[in-house]
Amino acid sequence: MSTIKVDQVSKLYRATSRSGGLTPALRKVSFELPPGEVIALIGESGSGKTTIGKILLRLVQPTSGTVTFDGKDIATYSQRGLREYYRQVQGVFQDPFSSYNPIYRADRVFDMVRDVYFKGVSDSDWSARIEAALDAVALNPGDVLGKYPHQLSGGQQQRLLIARALLLDVKVLIADEIISMLDASTRVDVLNLLVKLKRQGLAILFITHDLSLGNYVSDRTIILRHGAIVEMGGTEKIFGNPQHEYTKMLLSAVPELHKKWQHSPLGPVAVVANGAAVAGQTIDGGPNVPVATALTQASLVDELTHAEQVVKRDLRAVLGGTRAVASGKSQVAMALEPPTLREFEPDHLVADPE
Amino acid sequence: MSVNVANLSVAYRSRRGDVTAVDNVSFTLADGEIMGLAGESGSGKSTLGNALIYLDQRMKATGGTVTVDGRELPIADTRAMRPLRMTEVSLVPQYAMSALTPTRKIGQLITDLLKSHHVKDTREVLTEMQRRLELIGLTEGVLSKYSFELSGGMRQRVTIIMSTLLNPSLLIADEVTSALDVSTQRAVGEMLLEFRDRGYVKSVIAITHDLSILAQIADSIAIMYAGRLAEKASTEAIVNEPLHPYTQALIASLPEVGVRADQVTLTGIPGRPPSLADPPPGCRFRDRCPFAFDRCTQTPPFEEIKPGHHVACWKVSQERAAASGRPVVGQAAAEHAV
């Protein structure tokens, strides 16, 4: 079976700033992507999720570690081997509006596939294949063929790119944030399409920062933080019973329609605490004193506001300690060695706190 | 009422004639209200937000009035609007955090901004600025940094602080939580709430395509479709018992944490919004609406179905008329929601 196996993959980027040094984008990440499975790779910006996708597509070389496909290290492919690899492993990216050349008709992406892989296929056979691929992504050929990219909606463009992947003998699809640029009304259609393709045996790496989307489509979930896996396992287990503090924090921050964010107890709101009033009412010292002045007089120094508490708590969760919270998470230096993953229950690994 | 928008229409000039992107939109905002404005891309929500503060060369107001704190805004007159910007109405434009100039430090940027608005007592405002930075967990240090040295969340928070520095009555926040991580989204969302609670801004229009964020921070939500308002009601009403078929479909298409494809298959809305260059007559959602009937070829009025709940849909209006004889007012709505 065509399984992609990621083994102890690390990636260091060299920082270009004055401070120099190396930034670890991935720290010894290992997982397997078997056929017929959707893995949601969830992480915040800078967590390294896109780097994983790029390494799987061989657009980026890992600093250490290997990626194997059918037991063969993908780094060793020759040019021809790579072409065969791309026949089976394809990527679709975030921004459909920049994946097309606006000068050409959108279906040119199909012609380009034909030029590389299917030179010998007859015209009638080829159009039959295109129709089958479009049918698989629920597009009406009349709606999309011969159209320019700007004449198609984002959802149509994204589905057209998936159809392009299906024309090939695709076994693995790397879907990097393919939903985030789409409108709510078309998002679900693309998600449902992924589920359908999965049932037909396609392996899908669904890279996203959106936990609810990841939860909806995936069988297994990987939570990535600072380039290391902090929690991994069956999606129901991760979302139903999150163990790592970071996962819990992410889940608590997800905006949900029917549940308000759990508001942690508010610190005293300074304006009220100092005798001034809020929102449109008069302020201590007369109606004409602007709020700004009243606040200048008020002492805020020791009072944590709610927002501040939220930020500090989040950062503390991110940093896993009590380091200076205002420094910003991107400036945190990290060890290359990832936290150890331990088995919490079958198919549910949790990393030690970092 | 702190903000009153009445029959506002905004058009883009084009070589083939005007394209009306905002068509006869009316709504009001109370003091301290955060109104969410949601809709698909191209629905006109950003155009509406921009029109309240700055009409650029391509745009023109073709009708309607905007009143803030009892004063009518001269929105058609870019020059006359100038002194009102930042003091009466302020905007955090979409992608603003990515558009901060990389050649000036944040502190210089703010001083420039205050200078261009002829603020006399710069020092006092800057003290206030530091206080607010502290409030949301940033240090004074960001003032001596360049924009590219800050993370996305920090930049977004700085942008909001800049826009609200002069305590405007109305803040228009265009997609301020998009492109941020969930934890940062939450910090920015709660920052908006905090600023409202403290009176830094009187009322807020939060423009976004993300209904779940609005469910967290907004008091009311207006749904826009193809340049017109489809529905406006309290957040609870929109989330729990939406009346307009478009809102219903939109809410039904959102996956929530805990919903999995194995158990529930959500459905999107087939089709796409009509082109605004040549919109069809009548209800613009007609082609995609499962309930459309012959009356929908006429434009439905945006009427108040229940107190505070406005809907533009013939089906809803008709059911309401039919149900008006019944003792329970909410009956029709409950049936409809099923």
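Colleague: Where in chain B is B:Asn7 placed?

Modeller: This is a predicted model. In it, B:Asn7 lies in strand E1 of chain B, residues 3–12. Its phi is positive, about 50°, although B:Asn7 is not a glycine.

Colleague: Is B:Asn7 buried or exposed?

Modeller: Count C-beta atoms within 10 Å: 12 or fewer makes a residue exposed. B:Asn7 is exposed, because it has 11 others in that range.

Colleague: What should I know about side chains along a strand?

Modeller: In a regular strand they alternate between the two faces of the sheet. Now take E1(B) here. E1(B) pairs with E2(B) in the antiparallel sense, over 7 bridges. B:Leu8 has B:Val25 in E2(B) as its bridge partner.

Colleague: In what order do the strands of that open sheet in chain B run?

Modeller: The order is E2-E1-E4-E5, 4 strands with antiparallel pairing. E2 (19–29) and E5 (71–72) of chain B are the edges; each has a single partner strand, so one side of each has no neighbour in the sheet.

Colleague: Which other residue has a positive phi without being a glycine?

Modeller: A:His226 is one, with phi near 50°. A:His226 sits in the loop between strand E9 (220–225) and strand E10 (228–234) of chain A.

Colleague: What do E9 and E10 form in chain B?

Modeller: A hairpin, with 2 residues between the strands. B:Ala226, in the turn, has a positive phi of about 45°. E9(B), residues 220–225, and E10(B) pair in the antiparallel sense over 6 bridges. B:Ile221 has B:Ala233 in E10(B) as its bridge partner.

Colleague: How many residues of E10(B) are buried?

Modeller: 6 of the 7, so the strand, residues 228–234, is mostly covered.

Colleague: How do I read a nonpolar core?

Modeller: In soluble globular proteins, nonpolar side chains tend to be buried together. The largest core here has 99 residues. Those that touch the most other members are B:Leu37, B:Ile172, B:Ala173, B:Leu192, B:Ala206 and B:Leu214.

Colleague: What does B:Leu214 touch beyond four places away in sequence?

Modeller: Its contacts there are B:Gly36, B:Ala38, B:Ala206, B:Thr208, B:Ile221 and B:Thr235. A second, separate core has 80 residues. Among them are A:Leu41, A:Ile42, A:Leu134 and A:Met232.

Colleague: How many helices and strands does chain A have?

Modeller: Chain A has 14 helices and 12 strands. Buried residues make up 44% of its 354 residues. Of its contacts with a separation of 6 or more, 67% join residues 24 or more positions apart.

Colleague: What is the strand order in the 8-strand sheet of chain A?

Modeller: E6-E7-E8-E3-E9-E10-E12-E11, an open sheet with mixed pairing. E6 (89–92) and E11 (341–345) of chain A stand at the edges; each has a single partner strand, so one side of each lacks a neighbour in the sheet. The twist averages 20° from one strand to the next. E10(A) pairs with E12(A), residues 348–351, antiparallel over 3 bridges. A:Glu231 and A:Val350 are bridge partners there.

Colleague: Which helix packs on that sheet?

Modeller: Helix H8 of chain A, residues 184–199, does. H8 touches E3 (38–43), E7 (172–176) and E8 (203–208) of chain A. Its direction makes about 150° with that of E8(A).

Colleague: How do I find the two sides of a helix?

Modeller: An α-helix has 3.6 residues a turn, so residues three or four places apart point the same way. In H4(A), residues 108–117, A:Val109, A:Phe110 and A:Val113 are buried. They cover an arc of only 105° around the axis, which puts them on the same side of H4(A). A:Met112 and A:Asp115, on the other side, are exposed. Cover for the buried residues includes helix H5 (123–136) and helix H7 (154–167) of chain A.

Colleague: How far should I trust the coordinates?

Modeller: Where pLDDT is low, they should not be read in detail. Chain B has a mean pLDDT of 88, and 96% of its residues reach 70 or more. Over residues 327–338 of chain B, the pLDDT is below 50. The complex gets an ipTM of 0.79 and a pTM of 0.79 from the predictor.

Key: Residues numbered from 1 in each chain as written. Chains lettered and ligands numbered in written order. pLDDT = per-residue confidence, 0-100. Contact = placed C-beta atoms within 7 Å. Core = buried A, V, L, I, M, F, W, Y, C linked by C-beta atoms within 7 Å. Buried ≥ 20, exposed ≤ 12 C-beta atoms within 10 Å, placed from the backbone. Pairing = 2+ DSSP bridges. Axes fitted to C-alpha atoms, helices over the stretch in contact; angles between N-to-C directions. Arc of directions from axis to C-beta.
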